[in-house]
Amino acid sequence: MADLWQHAMDHAVAAARRAGEVVREALLDDRKVTTKSSSVDLVTQTDQKVEQLIIQSVKEKFPTHRFIGEESVAAGEPCVLTDSPTWIIDPIDGTTNFVHAFPFVAVSIGFSVDKQVEFGVVYSCLEDKMFTARRGKGSFCNGEPLQVSDQEDIKQSIIATEFGSNRDPEAVDKIFSSLRNILCIPVHGVRGAGSAAINMCLVASGCVEAYYEIGIHVWDVAAGSLIVSEAGGVLMDVEGVAVDLMSRRIVAANRRTIAERIVKEIDSFSPPRDDAPSPLKQ
């Protein structure tokens with residue numbers, strides 16, 4: 001049976017690579033910064049330029065497809081995932097990294113049909129690593145197959161997480177409570193690349209055993225979620241139920257036992273959903 005979406009995936013890879021060139025060029029120039037929901041929720045002209053570059057190129061080839069883009073949603077577009085073919089785009093995952101030239105910045109493109117991610121593309125621009133996954137066909141980095149770690153003991157694991165841009169004291173207390181609990185299991189260490197997409201690719205690559213976060217968005221994790229699962233990993237919500245990409249909560253791990261152990265230590269909370277009617281996303 002013909003793969004209906006391979007042409008779209010090939011286009012996504014090409015678009016991500018072109019976007020990466022724009023990001024690398026922008027790092028050589030003045031990076032003008034503005035803010036969105038708070039003083040630490042950053043956006044640059046490059047974010048907006050890259051998103052429009054991707055969306056316009058897709059519209060030319062796939063005019064009936066829908067979009068969920070980080071900057072489009074910030075500008076007031078709805079964040080609704082339907083059964084229609086939908087491109088879920090984070091033009092620069094790791095904007096704060098980009099602003100400070102911290103070298104982990106990714107273009108993330110997920111593609112969903114019937115509310116299921118069919119392919120994912122994450123391009124780590126400064127590393128020149130192209131992570132790809134197609135449902136049922138595995139995950140790859142620069143064409144080489146990926147496989148999650150075979151580590152079974154969480155005490156010999158590295159866990160990835162991020163602190164996000166929410167500075168509400170109650171949320172911050174819960175974030176640090178979870179971090180303390182996981183560190184004291186004890187694990188070998190906790191790391192964070194500053195990009196949800198790259199963190200998930202690190203799980204898929206076997207470099208870290210798990211990644212968890214509360215407060216991410218669907219555009220941060222849509223592509224990475226498939227890259228993890230196609231590399232043999234597992235996904236779940238921070239309370240152990242099935243993952244919901246609109247919930248802004250995720251655990252991605254090399255195996256279910258590791259994920260479930262992390263879930264036991266997470267002091268969970270529920271940020272506003274991405275598909276909530278309120279335009280205020282913290």
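User: Which residues does Ile227 touch, not counting residues up to four places away in sequence?
Analyst: The model is predicted: local features require pLDDT of at least 70 and side-chain atom pairs pLDDT 80 or more, whereas totals for chains, interfaces and linings use all residues. Residues are numbered from 1 along each chain as its sequence is written, and side-chain values use heavy atoms, with hydrogens and water left out. With contact defined as heavy atoms within 4.5 Å, and residues up to four places away in sequence set aside, Ile227 touches Gly120, Val122, Phe131, Thr132, Ala133, Ser139, Leu146, Cys201 and Ala204.

User: What is the volume of the largest cavity?
Analyst: On a 1 Å grid over the protein atoms alone, a cavity is a set of points where a 1.4 Å probe fits but cannot get out, and lining residues have an atom within 4 Å of a point. Grid points are joined across faces, edges and corners, and the volume is the space filled by probe spheres set on them. A search of the whole structure finds one cavity of 30 Å³ or more. The volume of the largest cavity is about 90 Å³.

User: Which helix supplies the largest share of the lining of this cavity?
Analyst: The lining has 13 residues, of which Thr161, Glu162, Ile175, Tyr212 and Ile214 are the closest to the centre of the cavity. Helix H5 (169-183) and strand S12 (210-214) each supply at least two residues of the lining. The largest share, four residues, comes from H5.

User: Is Asn254 buried or exposed?
Analyst: Asn254 stands in the loop between S14 and helix H8 (256-265). Its side chain makes polar contacts (N or O pairs within 3.5 Å, one able to donate a hydrogen and the other to accept it; residues adjacent in sequence count only if both atoms are side-chain atoms), reaching the backbone oxygen of Ser149 at 3.0 Å and that of Gln151 at 2.8 Å. Buried means under 20% relative accessible area, exposed over 50% and partly exposed in between, with a 1.4 Å probe and protein chains only. At a relative accessible area of 3%, Asn254 is therefore buried.

User: Which backbone oxygen does the side chain of Ser247 reach at 2.7 Å?
Analyst: Ser247 lies in the loop between strand S13 (234-236) and S14, and its relative accessibility of 10% counts as buried. The side chain of Ser247 reaches the backbone nitrogen of Arg249 at 3.3 Å. At 2.7 Å, it reaches the backbone oxygen of Asp244.

Notes. 1 Å grid on protein atoms, 1.4 Å probe; cavity = no way out; pocket = protein on both sides within 12 Å on 5 of 7 lines; lining within 4 Å.
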